[in-house]
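Dear colleague,

Please find below the structure that I am handing over to you. My findings follow directly after it.

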Amino acid sequence: MIWLDPVRFVQFCHRRYGKLFTTRIPGIGTLVFVTDPDDIKSVMRGDPAIFHAGEAAAPLSQVVGPQSILMLDGDRHRRSRAMMLPAFHGDSVRRQVAEMVAITVDEVARWPVGEQFPLFPRMQKLTLEVILRTVIGVHDARRLAALRAALPPMLDIGSPLELIPPPRVLLRFGMWRRRAQHRAAALALLTDEITRCRADPQLEARTDALAMLVRGSDADGAPMADDDLLDQLVTLLLAGHDTTATALSWAFERLTRHPALLHRTAAAAADGDDAWLDAVCKESLRVRPVVFEFGRKLTAPVQLAGHRIPAGHILAPSINLVHHSPRHYSDPDDFRPQRFLNQRPDPAVWLPFGGGVRRCLGATFAQVEMRTVLREVLRRVELAPTTAPDEPVRPRHVTMMPRHGAMVTVRRRLTVADRVVTR
Ligand code: HEM
């Protein structure tokens, strides 16, 4: 049942068994879903030596590699995270906005007018381009083209079932063999980027995350080794591209079903009213979180909500259930950006980026990118509102996307004169 309809399965268990419930998933382990914000806080603040996020994410290791920050726990995680954080601080992210604008303008110019199309593949292309140029720092047309072709087949996991490691003997056949070939091709290109970056005479002047990682060092002055760097690049590509593309697709899916809000958001885009755009992004991430749960595998038993949870179990705080609880949000299923207008979300009940020492490293990056893309799209095209039913949620590896890919129609292109009129 959990594989067929994970969303309804978890909602059903919550109604039936209350705030803490356990399910066994073959190939993954025993998951204990946590739905109460106080319990979730205990999980997020739990001792990192006991609450292992790296071990909980183990199935992803085939894609991101064993040195990935996502796979690490304890001191090794702390060291990698400390080295990566500066590249994702607000100041570093703000330096990337002009590039995000240019990429969006270029992408929107290719959208058809007057015909319906799914936004998700366009957003995937756009967010991949953002990562290639701002995180890996590639600007050469030939290398960009090679990376655009080689990376999606490595990153495209599709069904969550594909993450369950197969018996070793199968690795030489079919889907697994193809996956290994795609991975080898993509890693060769990324390795080349690392080598070029180290040798780049402009290294000191570069603002991309790869250059910052190459220039950086840990508390003992040791630089990040090439193997580590490679796995971190794959991680940033995987964690940063589909997630943001999905979040943006949901934002447009929600807006086109709320004509008054679509109109207000277009006006905010024209006026550069970032407070409203920010509220739209936060509310969209609340009502349609991209990731439904995050995990911590226990290395020792813990007490939680009056229960003893054994070592080896995976605690899974449910972002989706908290975001949809009437205890924490009035009319939780409604899309109402006003909730977050000029208000900081309460981190105990707004959890799209997880929390604690493992909170999403790219949370600021993602929100700046969402705001920028929303603004630049709505400045350039008028999207048609729709009375079509809400798109259902479809699981796609660890994310939850709109089932039809967020179908939209561009009614017309806007000129600079239109923008002035909107004001
Ligand atoms: C809307 C877009 C995004 C969403 C919804 C999202 C969500 C998440 C979530 C739920 C986690 C797990 C947190 C936890 O276990 O407590 C996570 C981790 C992570 N994310 Fe994101 N993410 C997004 C965008 C990005 C971007 C743009 C990047 C980088 C370019 C990124 C990089 C990472 C990394 C490196 C981690 C692992 C952090 C660690 O283990 O210390 N994410 N993200």
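A residue is counted here as buried if 20 or more other C-beta atoms lie within 10 Å of its own. By that criterion, 42% of the 423 residues of the protein chain are buried. Please note that this is a predicted model.

Overall architecture. The protein chain contains 17 helices and 12 strands. Its radius of gyration is 21 Å, close to the 22 Å that the globule rule gives for 423 residues, so the chain is as compact as a globular protein of that length. Along the principal axes, the C-alpha atoms fill a box of roughly 65 × 60 × 45 Å. Among contacts with a separation of 6 or more, 74% join residues 24 or more positions apart.

A helix pair. The axes of helix 14 (residues 274–287) and helix 16 (residues 363–380) come within 9 Å of each other and cross at roughly 115°, which makes helix 14 roughly perpendicular to helix 16. This crossing is right-handed. Helix 14 contributes D274, L277, D278, V280 and C281 to the contact, where they meet Q367, M370, R371, L374 and R375 of helix 16. Of these residues, five are nonpolar, one is polar and four are charged.

A loop residue. A300 lies in the loop between strand 5 (296–298) and strand 6 (302–304). Is A300 buried or exposed? A300 has 12 other C-beta atoms within 10 Å, and is therefore exposed, since a residue with 12 or fewer counts as such. Beyond its neighbours within four places in sequence, A300 is in contact with I50 and A311.

Yours sincerely

Key. Residues are numbered from 1 along each chain as its sequence is written. This is a predicted model: local features need pLDDT of at least 70, side-chain atom pairs count only at pLDDT 80 or more; totals for chains, interfaces and linings use all residues. Helices (H or I, at least four residues) and strands (E, at least two) are DSSP runs, numbered from the N terminus. The radius of gyration is taken over C-alpha atoms; the globule rule is 2.2 Å times the number of residues to the power 0.38. Two residues are in contact if their C-beta atoms, placed from the backbone, lie within 7 Å. Axes are lines fitted to C-alpha atoms, for helices over the stretch in contact, and angles run from 0 to 180 degrees between N-to-C directions. Angles under 35 degrees count as roughly parallel, over 145 as roughly antiparallel, 65 to 115 as roughly perpendicular and the rest as oblique. A crossing is left-handed if the near helix is turned anticlockwise from the far one by less than a right angle, and right-handed if clockwise. Ala, Val, Leu, Ile, Met, Phe, Trp, Tyr, Cys and Pro count as nonpolar, Asp, Glu, Lys and Arg as charged, and the others, Gly among them, as polar.
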